[in-house]
Structure formats: C-alpha cells, structure tokens
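Trainee: I am new to this one. Please walk me through it step by step.

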Amino acid sequence: MIDALLFAANAVLPIVLMIALGYFLKRIGMFNKEFLDAGNKLTFRVLLPVLLFCNVYGIGSLGEINFGFVLYGIAAVFVIFLIATGVTCLFTKDSAKRGSLIQATFRSNYAIIGLPLASALFGDKGAAAAGVMSAFCVPTFNILAVITLTIFNSSGKKEKVDVRKILIGIVKNPLIIGTVAGIAALGIREIFVNCGISFRLRDIEFLYSTLEYTKSICTPFALLILGGKFEFSAVRRQLKYIVFGTVARTVIVPLLGLAGAYFLVPNLGGEHYATYVAVFGTPVAVSSAIMAKEMDADDELAGQLVVWTSLISTVTIFAQVVFFRSVGIF
C-alpha cells in the first residue's frame, strides 16, 4: 500500500512542484505577463507538437496495434465527451466555462503523465501499449478539444456553430499536425522496414537530436508557464466550477472508463489496463489551459483545473493502482 502511494506521488507531485516553481518565479518578478503569453504560444505552437511527434514516432511497430484495445479507449473517450457536454450545459450557462469544463472532463494529461505512468506500472509492455494508444488517443483528444472550444468560448453566444470553422480549426491545430506528422513518419519507417531499407530518422543525427532536445524542454517549460499564470485569488471565485471539474476528471471518468474496460473488453493484459489508467485516470492535460487561452475559453478556470486535478489525482491514481493490484492485474 505504501509503495503504491509513493509511486502515485512520485508520478504526480513533480508536476505540482514545477507549477509551484512557476508561480514563485512570477511572484518574485522573474515572469511578467508578456513573457507568460509568449511562452504560452511557444508551448502550443512548437514544443507540444514536437513532443507528440516524438511520442508517436517512438512506437515500435504498427504490427503491435491491438485494435480492440484501441477501439474501446477511443469509444469511451467519445462517450465521456458526450456525457460531459450534456451535464456541463445543464450545470452552467457560461459558454467560456462550458468549454473549459467539458475539455477538462474528457482530456487527460496523457502525453506528459500517462505515457511514463503506463511504463512505470507495467514496464516495457506498458510503454509499448501506451505508445500505440497515443497515436489514436491524442488526435481524438485534440479534435474533440477543437470542436468544444470552437463551439463554447467567450463569443459562443454570439455565433452559430460553423462546421467549416471547426474543420479548419482541426486541420490547423498544431497538436494535431504534430501527431499526424508522427503517424506519417512512422508509416514511412514501416515502408522502409518492409523494403529492407536501413535508413531511419535517427540517422539524420542533427535533426533527430534537435527534436529530442525540443521534446525534453516541453514538459518543464509548459508547467512553469502554467504556474506563472496561476492565481490563488481565482479559487474562491471559481470554486464551484473547480469542484465540478475536479470531481468529474479524477473520480467519475476513471470509474466509467476503467469499469467499462474491466467488464466489457475481454482478454486484456496488465499493459492494457496500465494504458487505460493513463487515458482515464490522469489529471487534466496541461495543454488544455494553453489551448483554452488560444481559443478564447476560460483559461483561468482551465489552469485551476490542471493544478487541482494534479493534486487530487495523487490519491485517485493510488486507489486505481491498489484496485488493479488487488485483483492480480498489476
């Protein structure tokens, strides 16, 4: 039990501490509004797309894909998105808050926490399964986020839903571009393998090293920027929305997603459940606050939800790990 708690804490608390450092650096004057806004754009438009490209390209082989396992994960995310949209629209009439709450409910911190968490839970098999899921799960998260924030934002009451605008937003979204580029590069690599060609992206050493350096910058920089934008004064003002979003993300979604996998999908191994914990059990994606800012949703609320779900998930991830260990899966 203590080992499981320490494991969950070690997975999540470094993120919380990096956010705290960003907040501290702003308080002592090292970060100003202009720097934080520029950092937000840099993370969304450059660093996160490179991170997603590298994660997808890191999949061992397309032959590793278990489509039943992947299909459930994507279908469950979509169902959660629909439920979240309905419930949130009943909960608040504020369009900008709706966008941030819906996104926070279905969108997990898969790239930054989920992938290493799956690896820690079930070793190389967990890392491989999570890598395969990322090629499908990350685009789904981002497509649904674009749809959500295009419909529900600060101008949502003034504009009719424009399907063309949503499609353009999906095509132009940097996170989707990074993921699709990774899938394309992975496909080219598979063609080379089948044709007996030894050339790989890694062979262009200067380019590959640049991508890896950029990838390594992404997570700590994004967390520092998020911390710099965090305001404790907003907690009281946003309290009921923070409670709603945090409970939905850390309690309701894991119960729905993991219980559904346990009862509905046969012949799953520990690596598959480790991946589902990464999809459904991790806190709100850091990129959700960045995207909320870029697309005129309530970015203050989105940032609060990242922080509070990260804190609470230390406990809820622990509960998930203990359950799966108790039934002999981990």
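Mentor: First, a term: buried means under 20% relative accessible area, exposed means over 50%, and partly exposed lies in between (1.4 Å probe, protein chains only). This is a predicted model, where local features need pLDDT of at least 70, side-chain atom pairs count only at pLDDT 80 or more, and totals for chains, interfaces and linings use all residues. Residues are numbered from 1 along each chain as its sequence is written, and side-chain values use heavy atoms, with hydrogens and water left out.

Trainee: Is A185 buried or exposed?

Mentor: A185 is found in helix α7, residues 174-194. Helices are DSSP runs (H or I, at least four residues), numbered from the N terminus. The relative accessibility of A185 is 17%, so A185 counts as buried.

Trainee: Which residues does A185 contact, leaving aside neighbours within four places in sequence?

Mentor: Contact means heavy atoms within 4.5 Å. With those neighbours left aside, A185 is in contact with F53 and Y57.

Trainee: How do the directions of α4 and α5 relate?

Mentor: Helix α4 (residues 95-106) and helix α5 (residues 110-151) pack at about 165 degrees. Angles run from 0 to 180 degrees between N-to-C directions. Over 145 counts as roughly antiparallel. So α4 is, relative to α5, roughly antiparallel.

Trainee: Is T148 buried or exposed?

Mentor: T148 sits in helix α5. Beyond four places in sequence, T148 touches F81, G99, I102, Q103 and F106. Its relative accessibility is 2%, so T148 counts as buried.

Key:
Helices (H or I, at least four residues) and strands (E, at least two) are DSSP runs, numbered from the N terminus. Angles under 35 degrees count as roughly parallel, over 145 as roughly antiparallel, 65 to 115 as roughly perpendicular and the rest as oblique.
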